Structure formats: C-alpha cells, structure tokens
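Student: I would like to go through this model and ask what the terms rest on.
Tutor: Go ahead.

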There are 2 protein chains.
Amino acid sequence: MSEHINPWGNDLYGDYSQLFSEFGLQHVDSKLASRLPMTNRLWKRGIIFAHRDFDKFLEAFEKGKPVAVMSGIKPSGDFHLGSKLTAEQIIFAQKAFQSKLYYCIADLEAFADNGQDFEASHEYAVQNVADLLALGMDEKNAFIYKQSENKTVSNLGFIAARKTTLATLDALYGHQNLGLYTAALVQCGDILQPQLKEFDGPKNVLVPVGVDQDPHIRLCRDVAQKIDPKFVLPSATYQRLFRSLDGTTKMSKRDPMNVISLNDDPELVKKKVMRALTGGRATAEEQKRLGGEIEKCVVHELMFFHFEDDDEALKKFQHRCTSGGISCGDCKKDVAGKIEAYLKDFQARKKKLLPKARKIIEK
Amino acid sequence: MSEHINPWGNDLYGDYSQLFSEFGLQHVDSKLASRLPMTNRLWKRGIIFAHRDFDKFLEAFEKGKPVAVMSGIKPSGDFHLGSKLTAEQIIFAQKAFQSKLYYCIADLEAFADNGQDFEASHEYAVQNVADLLALGMDEKNAFIYKQSENKTVSNLGFIAARKTTLATLDALYGHQNLGLYTAALVQCGDILQPQLKEFDGPKNVLVPVGVDQDPHIRLCRDVAQKIDPKFVLPSATYQRLFRSLDGTTKMSKRDPMNVISLNDDPELVKKKVMRALTGGRATAEEQKRLGGEIEKCVVHELMFFHFEDDDEALKKFQHRCTSGGISCGDCKKDVAGKIEAYLKDFQARKKKLLPKARKIIEK
C-alpha cells in the first residue's frame, strides 16, 4: 500500500485494514451503527465501514445540539455507481439527522483535477443535482452551491493556506501540483463553512465521503482550530470504494466500458455487465461442484452495493452462486435485467426533475 | 544581492544595476520617457527607472488601442511615503493615458503577509482610498475592489495555480509559505482581470509598482498565455524604493519612528525628520569646507522624491548643501517645515474626502 491516500487517483486501497493502523481511521461497529435513528443498505452491510469522530457527531445529535451534513462531488461527469454510493450516503445522513445539507458542486476541483472549465461543469452540475433529487435529496433542506461562485469558501481556503505548510500537504497527499493543493484548501473552506457565524456558528458537521477523500478531512481537522479555536473538528463517515467492472481500479468515468453511469442507455449497460469480472470457475463442471468465488465477483458487488435492497433476496442470490446453482452467464443476464429496470425507472424520474435541478443551480 | 526579490520584505536592492542583468528589467531612458503624453516629478527625475514592455504599452496607446492601468496596495496601514510614491505613479498613469484604473485593495495579501483580518483591512481601505482621492485619483474612471469580495480574481488565481509549479514559485520568490504563494496567485488574477471578456477582452495593461513587486509581474507574465493565449503580457513600470528615515531599509510601517505616514501628526513628523540620516560631515568646519554628502542623505531624498516639485528650487536646495552653505540641523528644520505644510494641507483635503471613500468601499 502506498504511503498516502490519493483522493484524485483510482486506487482501490484493497486492504482497508492498513487505513486504520496507518491513518488512524476508526471502525464502524454494530454498536455505533445501532445508534443511528434509522438504517439502510450501506450501514447494514458495512459498506460504510470507517469514520472519524462520528461518535461525537452522534452524541451532539442525541443531545439535540445543532448539527449539519456537508459533502460534495466534482461535476466532471454523470454520476456513476461510485458517485451514486456517495450520494446515497449523503442523502441518508440528511434524512436520518433531519439536518441541513451543505452540498458543494466542486467545480474548482474539477478544474484543478480535470482541467474542466466552469461552463462545462455547469452542465454536469445540472445533471448531478437532478441525480441527487432522483435519489431522494430534500432540496428544501439543502444549501447547494458552486465553489466557483462561493466567495466565502474560497476566502476560507485562502485563510487555511496561511495555517498550513507545504510539508503538511506533502505528507497528506504525496507530492502533488499546486492546483490540487489549492483545491484541497478550498475544500477546507467547504467543510468549515457551516460553522461560520452567518450559518449560526460552530457545530458538529458530518462529512459522508468515499474513503479516498480522507486526506481532505485530515487537512481540514488539522487547520480548523488554527482558523478559529471555536470550530468543532469535523466528523466523517467513509464508504468502501466501488470497483470498476473489470475489478482493477475504483470505478471511474475515465474507463467508459468499465463504468456504469446513471445516464447510460440500459441496453449498453447490459453489454457492460456481460463483460464484468466474475468469480466463475474454469469449467461448467467445476462451477457446479465448487460454486463461484463470490468474493472476487464484481457482478455480486453490483447486487450487494446497489441493486438488491432486500437482505433475504441477497442471501438467496449469494447461495445460488456459491452452491454452484447457476452459471456466470445466466447470473449476469439476471443482474443486467435488474439494473436495466432500475435505470429505466431512475431515468424517467430524473427527466422530470431536470428543470427543478436547473432552477436550483441557476437561482 | 540576494538571489530573489522579496516583495514582502524590506530590502532596498540598493544596487539596482543587478536587477537589469539578473532579472531582465529594461531601463527607462529619456527617449522612452519622452513618448509620455505628459510628465511629472517621478518620470523627470528617474524615480521611475525600469520597466517591462512599457514600450509595447506606449505603442498600443499611441495607436489608439484600448489600454488599462492596474495596480493595488495592501490595506495594512495608513499610506506612508513609500505607498504615496506608488499611488502617485498609479494616478499619473490613469491621467496620462486617460485610462480606466483597476485598483485592488489587497486584503487577501494583507491577511497572508500580516495576518490582518478583513474587518481591520476594511477600515484601512477607507483611509487608503481617501488618500488616493486626495492625491488626485479620478474615481469616476476607476474600478476599485477588495480581493476578499471579488470572486473573479480568486477564480483566476485558482486557475493560475494549475498553470504554474511550486518550483517556479520557489525560483521567483525564494522559499515562502503557502499563504504568500496563494496571495501571489490571486495577484495574477488581479493583473489579468482587465483582459477578461466582461471587461472588453484582451488589451495592454500597465502595472505601475515598486520594483520589489517585480516577481508578481514575472509570475503573471509566465502564466498569462497559459491561461488564455489571447491575453497580452502585462507591462509594468517600476519606481525606486523610498528609504526609511534612518536609511537602513525601505520605508515600512513596521518601524514607526522611521516612517512618515500621511496621517501623522505634523508635529511628530518634525521630530522624526530631525532624527533622519543625513550626509553631514563630522564637524561644522568640514561641513563648510567640503559640503554635505548629499547622495547619502535621506533628508535630501524627502525633497527629491516628494516635497519639492520645482526643479529649479531643488537644484538650489542641492547646491546649498553640497557647497557647504547650510548645516544639517538648519536644513532639516526647513524640510520639516515644508513637510508640515504639505501634511496640513493634505490632511484637510483628505478629511473632506473620507465619506466619499467610505461610499466607494461600501457600495
């Protein structure tokens, strides 16, 4: 494993155990998860597996103190199954804690990381916000903004720059370019903004993200109280990274045949699923005798992470594989059909929400 | 001489000749100065002594192409005789080229360099703009803004971050902290802003500044066409740095008894002048016989740079010194009286302009 987590890369950080020992992440255990006021697939299945100070956030929530949820996604493409997970984690937190959601459209980061200009980001932002609405975000309890239009967060980022050092950034991110460092500092601004006076002052803020974003959380926790001693250190929960369909990296739009986008033509998705990595055996005979190696199988992960909410149905699906009851080809057809149905329904709902999304962005 | 010019330091860069050979500054000669549509003390006396591409700016102006003047000063204190020189250089350019002036209140830099928060900067900004008005700035032909309130320049700074490297910043500034690097990038935004579409697009922009600000100009010229190939490389003119009254550093508010502020009580100024460095001889007899060493004398510089506009009168003043016609004590009394009169008049004018300045800042 590398010395740093790279929030801009495609690494899977397959052996998560080292994240706990080397970077000080805390485990999500059943005791912690049981304190949630409601639950969902991500929490029940350990997809959200690590945190920083989530216990403190829960305590504040339990005591009726003001809390907030803050997160954001780069508008550098359509949401895919990786961003969908983050979005679901965010929306769940908004609901569970009946909390105001601060959602950052990270178009400055999209420029720093992808060289994508703000106009291009604008169009993706409309798509992404429609995705969020279709996934259940309550826009009435949300503050949605673009980094490129929010002077407060860039000023906070500027202030953060004076409170950290290049050596710290180097240690957190490995040696990166100045554009990415600057993007990281603006993200400190994003995370701290809900604690400003104009947003009713210091409070516990939960940042639900993919585990590869942890360096941003650490940077922000490092500078927060240097900027204002009254700031509460932000909390974070982390989800496992969803793999690309060939299982080699985290899912990323950079590799189109190995990503499932929420905007994909359902017919194309079927083709992609049929090419996905499985845990299938060398021969049909072995498959029947030994069952599939389900822990290797991305097709199983599609169901586990995304497309089978029913735990009993999931168990049956898993058993059918490990008992040798189905070939990978037939299983893929089933799963592809399930995804196709999901996407058709999702895309129909989203289409109706696009005008509302545009209104939110262009308000 | 150091390997770098430090725009945040107090160095005098006494031997300016190395600036030309090492950093590629161009000389202001009489032929260039003669192309100005009007002249003043700073230009006639070689106080403005160096430039980058000022000939190209003049050419554009002579051909009737659109041009602009851009500069700014940190609002980290009252204007003193150093900032007054910069202000006079800026205001002269606005007049001479009948040009729109983009004036940046560099409060982000004041935070990065001095740790001064935006509220404190706000009050100094009101003072500074009143100073500019009292010195003759035409506010009707000016775009005056704070860095902390101008999203356009911070976004441009963000874009600049991706177009340069830490190695470049290191080479330009020596190793500085991340706050100052970020401030430098925002200043690229300040300098390039007049060339944006919303300000009628690419044009020749003149940046009149003290010579210690050259690294900012070089950084901006380095990134400008990487950001937009249509941008014209900014031009700059440079004034000599005014010395502290004891002659040891550039004038800086960090050393209160060696600075003359435009807000100083004229009585106090008299005391400061009486302590200033002169080129006086060891004894009265020597002074009469050899005359003063005028090239060492800060009191002479007060007249040369600031308080004697009349060239004939200046010559007489100089002759009286070098011919041994006056003691340093008597000379200082004369000069102190002249400054006292200037400040009384200036402060009375400024007082009337303060409400207008506040209106400009708080618009």
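Student: What is the bridge partner of B:Ile48 in E7(B)?
Tutor: B:Gln239 is the bridge partner of B:Ile48. This is a predicted model, where local features need pLDDT of at least 70, side-chain atom pairs count only at pLDDT 80 or more, and totals for chains, interfaces and linings use all residues. Residues are numbered from 1 along each chain as its sequence is written, with chains lettered from A and ligands numbered from 1 in the order in which they are written.

Student: What makes strand E2 and strand E7 of chain B a pair?
Tutor: Two strands pair if DSSP finds at least two bridges between them. E2 (residues 48-52) and E7 (residues 235-239) of chain B have four bridges, in the antiparallel sense, so they pair.

Student: Why do E1 and E5 of chain B stand at the edges?
Tutor: The open sheet of chain B runs E1-E2-E7-E6-E3-E4-E5, with mixed pairing. Strand E1 (26-27) and strand E5 (142-146) of chain B each have a single partner strand, so one side of each is left without a neighbour in the sheet.

Student: Why is H7(B) called oblique to H16(B)?
Tutor: Helices H7 (residues 118-134) and H16 (residues 328-362) of chain B pack at about 120°, with their axes 7 Å apart. Angles under 35 degrees count as roughly parallel, over 145 as roughly antiparallel, 65 to 115 as roughly perpendicular and the rest as oblique. That makes H7(B) oblique to H16(B).

Conventions. Helices (H or I, at least four residues) and strands (E, at least two) are DSSP runs, numbered from the N terminus. Axes are lines fitted to C-alpha atoms, for helices over the stretch in contact, and angles run from 0 to 180 degrees between N-to-C directions.
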